[in-house]
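User: Hey, I'm new to this one. Can you show it to me and walk me through it?

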Amino acid sequence: MKVLAMTALVGAMTFVAPVAQAKSDLVVGLQLEPPHLDPTSAAAGAIDQVLYANVFEGLTRFGPDGSVNPGLAESWDISDDGRVYTFHLRKGVTFHDGSALDAGDVVFTLDRARAEDSQNAQKALFAGIESVEALDDLTARVTLAQPDGGFLFNMAWGDAVIVAPESIESIKQSPVGTGAFRFKGWVQGDRITLERNPDYWGEAARLDSATFKFISDPTAAFAAVMAEDVQAFPFYPAPENLPQFEADPRFQVLVGSTEGETILAMNNALPPLDNPMVRRAVAHAIDRKAIMEGAMFGLGTAIGTHFAPHHPDYVDLMYLSDYDPELSRQLLAEAGMAEGFTTTLKLPPPSYARRGGEIVAAQLRNVGIETEITNLEWAQWLEEVFRGKDFGLTIVSHTEPMDIGIYARPEYYFQYDSPDFQALNAALSTETDPEKRSELLVQMQTRIAEDHVNAYLFQLAVPTVADARLRGLWADAPTQATDLTGVYWEE
Amino acid sequence: MLQYGARRAMSLMVSLLVASLVIFFALEIVPGDPAAYMLGINAEPDTLAALRAELGLDRAAPLRYLDWIGGMMQGDFGISHTYRTPVADMIAERLKVSLPLALYALGLSTLIAFPAGIWAAQRRGSAVDLGVMGVTQLGVAIPNFWFAMLMVLVFAINLRWFSAGGFAGWEAGIGAGLKSLTLPAVALALPQASILTRVMRSALLETLGEDYIRTARAKGLTRGQALRGHALRNAMIPVLTIIGLQFSFLLAGAIIIENVFFLPGLGRLVFQAISARDLIVVESVVMLLVFAVIVVNFAVDMAYAWVDPRLRGQR
């Protein structure tokens, strides 16, 4: 036993030493592990969190503020009718396996994503493409069936990153991209390691290597940050710990915005929620501030429609659904529901839903609406609520950027069927004039807020806890990515 | 002995078959579609269909059951729905953490329990006995995940002797690997050691009341000599039973501890696989654990026969 104790002690002492020297590596904690490493064939945000911008790049890419910037395409020309995009690729870009990027890879990527047997989780992004062809090595031409003002934006998604036919077979286990980092190794259940790509076409990454460590338990995440086992934890899962990190000079806390509109979704096809007056009553019964305080420890930005408040086209429509229980009761009475009613409230696992759900239930009870709460795992939620549409109310965060278009799909789980809105959405998809687009977006936001399709709660915030000396991390999350290309340690 | 062994082996096979049926068809009933989980809320119906076809989920359940069982007999556990790698490789990788962790914890537990149990039994009613009983009472009562968090707080966050979790990997060296398993093993071993100590003590005390011990004492052996020479072997049956149960528990039941220390073990694999509806992984791991439990029970049965020769002749 003594020998054991001694070795433990020696081990412990060697472990304490390396603190002061200049660092060029980074361990990032993430709550969820990617199921596999192909961003173009799964919805899991965890894949993009590790690989987007770091390992894989698209024709265009998201900037820290959500803007769409040139990526592998240096520039592009758009035909006058808005249907033909000619992308000029950067010269001298190579994949991590040494093969050169050419227009053929673009053709391969886009054709694969829109093929009949495609497994792309966002196939709709590519639905408008009529044909893709390589004009020469570095020029690719994409022809759309009709003009699409959102096309360049679509091409910036993680689901649209450029992959090569040479490495597609093994992409799920060893991804080969063009990014500033290349994939080094994956210990399943534990970590993924990336290393700097010395042959990167752009400005080289400043970190030599980056390790993503997967820590699902919020308490363990706290311990790992406190013990400095991880030096950055984006999407930190326990907001209640943030004040403690803020008070500790070893750490910095960044709170940014996401594209996640968190809503109390209502089944628009299920009585009595099919009555707009009842939905309006539900919306007025909700106190957003209490939910953000109670479920998110104050993080988040209240929203009055399904649109990100940091977007330039956002309009504040919260006056349409102010917290007003008196009005809510009155509306219920007018709808012939003076006695209130009972419905289901089905909650997926994230804490905004589970904690928020309890508060929502209490607020609804206050106006006479009883809810039966059921907690569901994601797989069950997808099956019962999303696919089966067997629900009255549910709470979920829609994390896809610019997804107001889902309201134009009458079969979508909340089943909002409004020809007016569908016409607006159709007009938007073919409109390329920025000013007119903006106007349409305002009309769309207003339409769904006035119809009280859902009760709009808040824009999900993303807290990142990091070592105080770390620079270049993104505070906001315009897409679910951890872009490390500009991250470095302050000397 | 041979006949005894053969009969046990036969019941082992039947148990495994029944277990495989129960596991497979119970999971079939659970709602949730692995393809829908993978592709999320924006997936088009034809994309889902394409993925389901690739995963083989469009085939009838009994056929898939036969494939699964047939493959497993040849050591092929199938391909994971989400990770898309052979399940056998994934399990092998996770066993490199789970098996050493279970053995480490079991070793600690036995190393503590044997001396403590014997000591307490030898000095029944003394301060030592009372002390051991008190400490073990506490050890049984404390939830191991709470104890684990406490250790993380003290040894990882304050003293910085260990990292708060994670597994260094055996390629980093045996020492580094063992070090990262130390806190989890201690957390797992504490309640097990407490239980084992108490069982050891009471089993010894029971045998100490037997006639043959009185005879041995009458021949002039001290209490300690009689205990070590005669009582210990006879007290082994309940102790072996507990050790067998504990090993199975440690192998299968470390899920919470693996989560607290974010270790890439079997428990976490099952946990992730259940939420992703990666049924083939869940089925195979559960089957493996059932197999392990049955084999351990078989080994314990064999060990009974070894410590107690009377069992060998029994029909």
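User: How many cavities are there of 30 Å³ or more?
Analyst: The count comes to three cavities of that size. On a 1 Å grid over the protein atoms alone, a cavity is a set of points where a 1.4 Å probe fits but cannot get out. Points are joined across faces, edges and corners, and the volume is the space filled by probe spheres set on them. This is a predicted model, where local features need pLDDT of at least 70, side-chain atom pairs count only at pLDDT 80 or more, and totals for chains, interfaces and linings use all residues. Residues are numbered from 1 along each chain as its sequence is written, chains are lettered from A and ligands numbered from 1 in the order in which they are written, and side-chain values use heavy atoms, with hydrogens and water left out.

User: OK, and how much space lies in the largest cavity?
Analyst: About 100 Å³. Its lining residues (those with an atom within 4 Å of a point) include A:F235, A:W474 and A:D476.

User: What classes is that lining made of?
Analyst: Eight nonpolar, two polar and two charged residues. Here Ala, Val, Leu, Ile, Met, Phe, Trp, Tyr, Cys and Pro count as nonpolar, Asp, Glu, Lys and Arg as charged, and the others, Gly among them, as polar.

User: And the second largest cavity, what's its volume?
Analyst: About 50 Å³. Among the residues lining the second largest cavity are A:E259, A:H306 and A:D403, and by class that lining has four nonpolar, two polar and three charged.

User: Switching topic: in what order do the strands of the open sheet come?
Analyst: The four strands go β4-β5-β7-β6 in chain A, with antiparallel pairing. Strands are DSSP runs of E, at least two residues, and helices are runs of H or I, at least four, numbered from the N terminus. Two strands pair if DSSP finds at least two bridges between them.

User: Why is one side of β4 and of β6 left without a neighbour?
Analyst: β4 and β6 (129-136) of chain A stand at the edges with a single partner strand each, so one side of each has no neighbour in the sheet.

User: What joins β4 to β5?
Analyst: Five bridges pair β4 (residues 73-78) with β5 (residues 84-89) in chain A, and A:D77 stands opposite A:T86. β4(A) and β5(A) form a hairpin with five residues between them, and A:G82 in the turn has a positive phi of about 75 degrees.

User: Which residue stands opposite A:Y85?
Analyst: That's A:V142 in β7(A). Five bridges join β5(A) to β7 (residues 139-144).

Methods:
On a 1 Å grid over the protein atoms alone, a cavity is a set of points where a 1.4 Å probe fits but cannot get out, and a pocket is an open set with protein on both sides within 12 Å along at least five of seven lines; lining residues have an atom within 4 Å of a point.
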